[in-house]
Amino acid sequence: MTDLELAQDPKTETPDHSERKRICHLATAQAKTTLRRGDRLRVTKCPGTKRWITFGGWDGDWIVSKSGINDYHAINIDMVNDRAIYFPIQPDPKLLQSMAIRYRHDFGLLDSKHQAAILGQMRQLWEEVVGLGFYRPPV
């Protein structure tokens with residue numbers, strides 16, 4: 001069973017599975033704001049072969065190629081229009097730390113539990129700013 005199949009199977013719900021599901025959802029959300037019809041994508045397909053497709057649209061969370069095949073997921077993209085890219089796009093940890101220090105000037109003096117909580121809040125703010133949060137601008 002592939003990682004994506006595990007992420008979609010409710011019988012395999014574990015803490016790792018929940019995290020994988022969140023990552024798959026985040027990758028799809030980011031790809032939906034990034035990809036444009038006609039983009040050339042390099043994707044990995046079972047059993048690990050890489051192939052180039054032309055982006056045609058979406059079928060739920062699945063990428064549909066120009067030829068009509070909808071067997072690709074955003075987490076398996078590694079190039080878009082000859083440029084390396086990986087979904088989900090992650091914030092630079094140094095950026096999150098900088099945001100945390102701006103938010104709490106005593107961030108470096110806090111215990112690791114409180115630092116982790118604040119970094120979690122900073123990640124949520126980052127997701128909101130890049131368009132992956134609750135707000136969706138009207139199209």
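The following questions and answers concern a predicted model.

Reader: What pattern does the protein follow along the sequence?
Author: The protein has four helices and five strands. Read from one end of the sequence to the other, these elements give the pattern α-α-β-β-β-β-β-α-α.

Reader: Which strands stand at the edges of the sheet?
Author: Five strands form an open sheet with antiparallel pairing, in the order S3-S2-S1-S4-S5. Each edge strand has a single partner strand, so one side of it is left without a neighbour in the sheet. The strands in that position are S3 (62-65) and S5 (83-84).

Reader: How many bridges join S2 to S3?
Author: S2 and S3 run antiparallel. In this part of the sheet, Phe55 stands opposite Ser65 in S3. The number of bridges joining S2 to S3 is four.

Reader: Which element gives the most residues to the largest nonpolar core?
Author: The largest nonpolar core has 16 residues. Two or more of its residues come from each of helix H2 (15-34), strand S1 (40-45), strand S2 (49-59) and strand S4 (77-80). With three residues, the element that gives the most is H2.

Reader: With which residues is Leu35 in contact, leaving aside its neighbours within four places in sequence?
Author: Leu35, Leu41, Ile63 and Ile77 are the members of the largest nonpolar core that touch the most other members. With sequence neighbours within four places left aside, the contacts of Leu35 are Leu41, Phe55, Trp58, Ile63, Ile77 and Val80.

Reader: How many residues does the other core have?
Author: Another core lies apart from the largest one. Its members include Ala100, Phe107, Leu110 and Trp126. Trp126 is also one of the buried residues of H4. The size of this other core is seven residues.

Reader: How far apart are the end C-alpha atoms of helix H4?
Author: Helix H4 covers residues 112-129, which is 18 residues. At 1.5 Å a residue the helix should span 26 Å, and the model agrees with this. The end C-alpha atoms are 25 Å apart.

Reader: Which residue caps the N-terminal end of H4?
Author: The cap involves the backbone nitrogen of Lys113. A side-chain oxygen lies 3.1 Å from that nitrogen. The residue that supplies this oxygen is Asp111.

Reader: Which residues of H4 are buried?
Author: An α-helix has 3.6 residues a turn, so residues three or four places apart point the same way. Buried here means under 20% relative accessible area. In H4 the buried residues are Ile118, Met122, Trp126 and Glu127.

Reader: What share of the residues of the protein count as buried?
Author: The protein exposes about 9300 Å², and carbon and sulfur atoms supply 56% of that area. Of its 139 residues, the share that count as buried is 34%.

Note on methods
Residues are numbered from 1 along each chain as its sequence is written. This is a predicted model: local features need pLDDT of at least 70, side-chain atom pairs count only at pLDDT 80 or more; totals for chains, interfaces and linings use all residues. Side-chain values use heavy atoms; hydrogens and water are left out. A nonpolar core is a set of buried Ala, Val, Leu, Ile, Met, Phe, Trp, Tyr and Cys residues joined through side-chain atoms within 4.5 Å. Buried means under 20% relative accessible area, exposed over 50%, partly exposed in between (1.4 Å probe, protein chains only). Contact means heavy atoms within 4.5 Å. Two strands pair if DSSP finds at least two bridges between them. The expected span of a helix is 1.5 Å times one less than its number of residues. A polar contact is a pair of N or O atoms within 3.5 Å; within protein, one must be able to donate a hydrogen and the other to accept it, and residues adjacent in sequence count only if both atoms are side-chain atoms. Accessible areas come from the Shrake-Rupley method with a 1.4 Å probe; for residues, only the protein chains shown count as cover.
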